[in-house]
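Hi everyone, thanks for coming. Let me put it on the screen.

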Amino acid sequence: MIDPDPIYCDQCGTSLTQKIPAGEDRIRGVCTACDLVHYRNPRVVVGTLIEHDEKILLCKRAIEPAYGAWTPPAGFLELGESSVEGAVRETWEEAKANVEIIQPFVSIDLPRIGQIHVKYLARMKEPHFEPGPESLEVEWFHWNEIPWDHLAFPVTHWALRLRQADREQNQDRFHRGTLKWKDKGSPLDFNSYDLSDLQSYPLKMDGSQRSRAAIDD
Ligand SMILES: [Zn+2]
């Protein structure tokens, strides 16, 4: 979940005190020796939805959390990377798939755990894939056979639901929303969340762009 508050100063190693710094409106860790304020901000998770024919590529996680559950390739954005670069890198690391990005697909805020998840539609540059060190298996799943009861995270579930709905309606859209905790149920169950402020924007794609979404064998 959210990382614990830091205890010691990043700059000088002295213990921090929790207080509202002058001119601010919330409690932060402040160094008792050098006065450095320790800001904590959400982290960005980037990933790809890779489609081929009527299928999508999913990875079975070899690490906690959600060991053994399925998810499209995704992971934390690194400093110095663009979100597109991070999504391509994570796809290589987890699925050993060399992809190019087609279009942004979804941005979901998770304020409860301080994360923003950005997913892109992508296509493989070459047909090869295999499990990376963080994956047990990598497989194509037909959209009729998504392992809904064995998906890794609620955000995964919501993102795939949105894409499935777009496919059923023969639409390409960009979506944004906030995954809001309902204050009850398991935090790992997608039913414990609402995506109530969802906004969906049609993307105008001409025929040549649309054809790039399919992989030419
Ligand atoms: Zn300090």
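Let's begin with Ala66, which is partly exposed, with 16 other C-beta atoms within 10 Å. To be clear about the term, a residue is buried if 20 or more other C-beta atoms lie within 10 Å of its own, exposed if 12 or fewer, and partly exposed in between, with C-beta atoms placed from the backbone.

Two quick notes on what you're looking at. This is a predicted model, where local features need pLDDT of at least 70 and side-chain atom pairs count only at pLDDT 80 or more, while totals for chains, interfaces and linings use all residues. Residues are numbered from 1 along each chain as its sequence is written.

Back to Ala66: it has a positive phi of about 70° although it is not a glycine. You'll find Ala66 in the loop between E5 and E6. Helices (H or I, at least four residues) and strands (E, at least two) are DSSP runs here, numbered from the N terminus.

That loop has something else for us. Pro65 also sits in the loop between strand E5 (55-61) and strand E6 (70-71), and the peptide bond from Glu64 to Pro65 is cis, with omega near -5°. Why point these out? Most residues other than glycine have a negative phi, and most peptide bonds are trans.

Now move to Asp53, in the loop between strand E4 (43-52) and E5. Asp53 is not a glycine either, yet its phi is positive, about 55°. Is Asp53 buried or exposed? It is exposed, with 11 other C-beta atoms within 10 Å.

Zooming out, the chain has three helices and 14 strands. Its C-alpha trace spans about 65 × 35 × 35 Å along the principal axes. Of its 217 residues, 26% count as buried. Calling two residues in contact if their C-beta atoms, placed from the backbone, lie within 7 Å, residues 24 or more positions apart make up 59% of the contacts with a separation of 6 or more.

As for domains, whose bounds come from an automatic or database domain assignment, we have domain 1 (1-40) and domain 2 (43-216). Their centres, taken over C-alpha atoms, are 34 Å apart.

Last, confidence: pLDDT is the predictor's confidence in each residue, from 0 to 100. The chain averages 92, and 94% of the residues score at least 70. Over residues 211-217, though, the pLDDT is below 50, and this stretch has nine contacts in the model beyond near neighbours in sequence.

Thanks, everyone!
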